[in-house]
Amino acid sequence: MDLLRHLRLFVTVAEELHFSRAADRLGMAQPPLSQAVRRLEKELGAELFDRAHRRIRLTAAGAVILDEARELLAREERLRVLARRAGDGALGTLRAGVPPDTMAAVLSALLAACAERSPGLSVDLQEVTTEEQVRLLASGGLDVGLVHQPVDATELRLGPEVPVDLGVVLPRTSPLAGLPEVALGELAGHDLVLFPRAHAPGWYDRILDVCRGAGFVPGRLRHASNSEFLLALVTAGHGIAFDQGPVARKEPRVAWRPLAGRPLTQRLSGAWPAGRAVHPAARPFAELAADVLTRDRTATSSRDDRARPAAPGSADGARPADGPTRPWSVVYGEGFGP
């Protein structure tokens with residue numbers, strides 16, 4: 001027996017205290033309604049209506065059951081609403097991976113955007129490298145991630161890409177630090193400080209391919225597992241690094257300069273599993289993240305363009321700026337990488 005349906009019919013009859021009016025209200029014939037109420041009484045083992053008089057009345061059992069039935073039906077409706085909202089990605093928990101070097105301002109903006117779109121959704125952010133995100137997305141350990149391209153997307157769906165041009169981090173005493181921008185070929189002979197390849201193999205290999213193609217073959221590759229170690233290596237003259245700007249601003253003894261022709265472009269995008277059991281909020285999260293990153297990058301670039309001093313040789317002879325502060329760094333280490 002469909003208990004909830006029969007309870008719904010019972011409540012209508014109890015409110016009308018008239019089978020004919022209740023049947024009209026429900027849009028059904030009276031005999032099936034009377035039969036349904038009889039089946040409910042049999043199922044519950046108690047008469048719900050006193051039919052001995054001209055006008056039916058609730059029995060003591062019927063009065064008790066009426067309150068319980070109303071509460072049960074209200075809870076059923078709440079359950080249906082919750083199920084619909086959860087199915088739309090508006091409730092529950094979304095496990096999202098982000099690169100550990102994500103700027104605090106970007107994370108705050110992203111979480112605020114998620115809260116505005118889906119107030120009932122809890123976003124569990126986890127700092128995870130790109131390579132580890134790909135593994136966790138495939139195994140079900142994450143629902144969505146923000147990964148550095150290129151990645152093996154065989155089992156993934158990818159959201160909009162956000163491109164960011166990289167510059168070079170140099171010792172401030174380097175002659176190249178006096179230039180408004182640096183060509184990759186001018187870095188020939190320098191060692192290169194990179195994040196460990198295991199963090200983001202595709203992007204690591206892409207950097208080296210572009211460098212070699214432009215005539216920069218690093219004398220030695222060094223790996224930094226955190227920003228402080230990277231800056232220490234550059235400051236000590238043990239190599240240069242590529243970054244979007246924020247890392248270099250931590251250390252006054254280094255300088256950040258744009259790369260001529262913008263040959264190195266970091267691309268970040270949301271990623272989620274390609275299978276059927278996809279969290280309904282995964283794609284919206286990826287799209288929100290791309291929007292937040294794009295807005296942040298545009299706003300920051302605009303501010304820096306207005307504030308940037310003129311390059312050497314200009315009317316005021318000012319030094320070139322150390323470059324714009326951008327939302328994502330590409331020099332990584334453990335707990336710091338893509």
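## Close-up views of a predicted model

View 1. Pro284 is buried, with a relative accessible area of 16%. Buried means under 20% relative accessible area, exposed over 50%, and partly exposed in between (1.4 Å probe, protein chains only). The model is predicted: local features need pLDDT of at least 70, side-chain atom pairs count only at pLDDT 80 or more, and totals for chains, interfaces and linings use all residues. Residues are numbered from 1 along each chain as its sequence is written, and side-chain values use heavy atoms, with hydrogens and water left out.

Pro284 sits in helix α9. Helices (H or I, at least four residues) and strands (E, at least two) are DSSP runs, numbered from the N terminus. The C-alpha atom of Pro284 is 9.3 Å from that of Arg117, although 167 residues separate the two along the chain.

Which residues line the largest cavity? They are Leu94, Cys114, Arg117, Ser118, Leu121, Ala281, Pro284, Phe285 and Leu288. Two elements, α5 (104-117) and α9 (282-307), each give two or more residues to this lining. Helix α9 gives the most, with 3 residues. By type, the lining holds 7 nonpolar residues, 1 polar and 1 charged. Here Ala, Val, Leu, Ile, Met, Phe, Trp, Tyr, Cys and Pro count as nonpolar, Asp, Glu, Lys and Arg as charged, and the others, Gly among them, as polar.

The space in the largest cavity is about 60 Å³. A search of the whole structure finds 2 cavities of 30 Å³ or more. A cavity is a set of points, on a 1 Å grid over the protein atoms alone, where a 1.4 Å probe fits but cannot get out; lining residues have an atom within 4 Å of a point. Grid points are joined across faces, edges and corners, and a volume is the space filled by probe spheres set on the points.

**View 2. Aromatic rings.** The structure holds 3 aromatic pairs. Phe10 and Phe49 form a tilted pair, 5.5 Å centre to centre, with 55 degrees between the planes. Phe10 lies in helix α1 (residues 3-16) and Phe49 in strand β1 (residues 49-50), so their pair ties together parts that are 39 residues apart in sequence. Both Phe10 and Phe49 are buried. The rings of Phe195 and Tyr204 have centres 5.7 Å apart and planes at 80 degrees, so this pair is edge-to-face. Rings of Phe, Tyr and Trp (its six-membered ring) pair if their centres lie within 6.5 Å; planes under 30 degrees apart count as stacked, over 60 as edge-to-face and the rest as tilted.

Phe195 is buried, with a relative accessible area of 0%. Tyr204 is buried at 6%. Ring pairs also link Phe10, Phe19 and Phe49 into a cluster.

**View 3. Helix α8 and its buried face.** In helix α8 (residues 227-235), the residues Ser227, Leu230, Leu231, Leu233 and Val234 are buried. Down the axis of α8, the buried residues fall within an arc of 160 degrees, so they line one face of the helix. The arc is that of the directions from the helix axis to the C-beta atoms. Which strands do the buried residues of α8 pack against? They pack against β7 (167-171), β8 (192-194), β9 (221-223), β10 (240-243) and β11 (254-258). Contact means heavy atoms within 4.5 Å.

View 4. Helix α6 (residues 130-139) has Thr130, Gln133, Val134, Leu136 and Leu137 buried. Their cover includes β3 (92-98), β5 (144-148), β6 (156-165) and β12 (265-273).

View 5. Thr12 is found in helix α1. Thr12 is buried, with a relative accessible area of 7%. Leaving aside neighbours within four places in sequence, Thr12 is in contact with Ala22, Arg25 and Leu26.

Glu41 belongs to helix α3 (residues 30-44). Is Glu41 buried or exposed? Glu41 is buried, with a relative accessible area of 5%. Not counting residues up to four places away in sequence, Glu41 touches Ala46, Glu47, Leu48, Phe49 and Arg51.

**View 6. The whole chain.** The protein chain has 9 helices and 12 strands. Buried residues make up 46% of its 338 residues. Of the contacts between residues at least 6 apart in sequence, 74% join residues at least 24 apart.

Conventions
1 Å grid on protein atoms, 1.4 Å probe; cavity = no way out; pocket = protein on both sides within 12 Å on 5 of 7 lines; lining within 4 Å.
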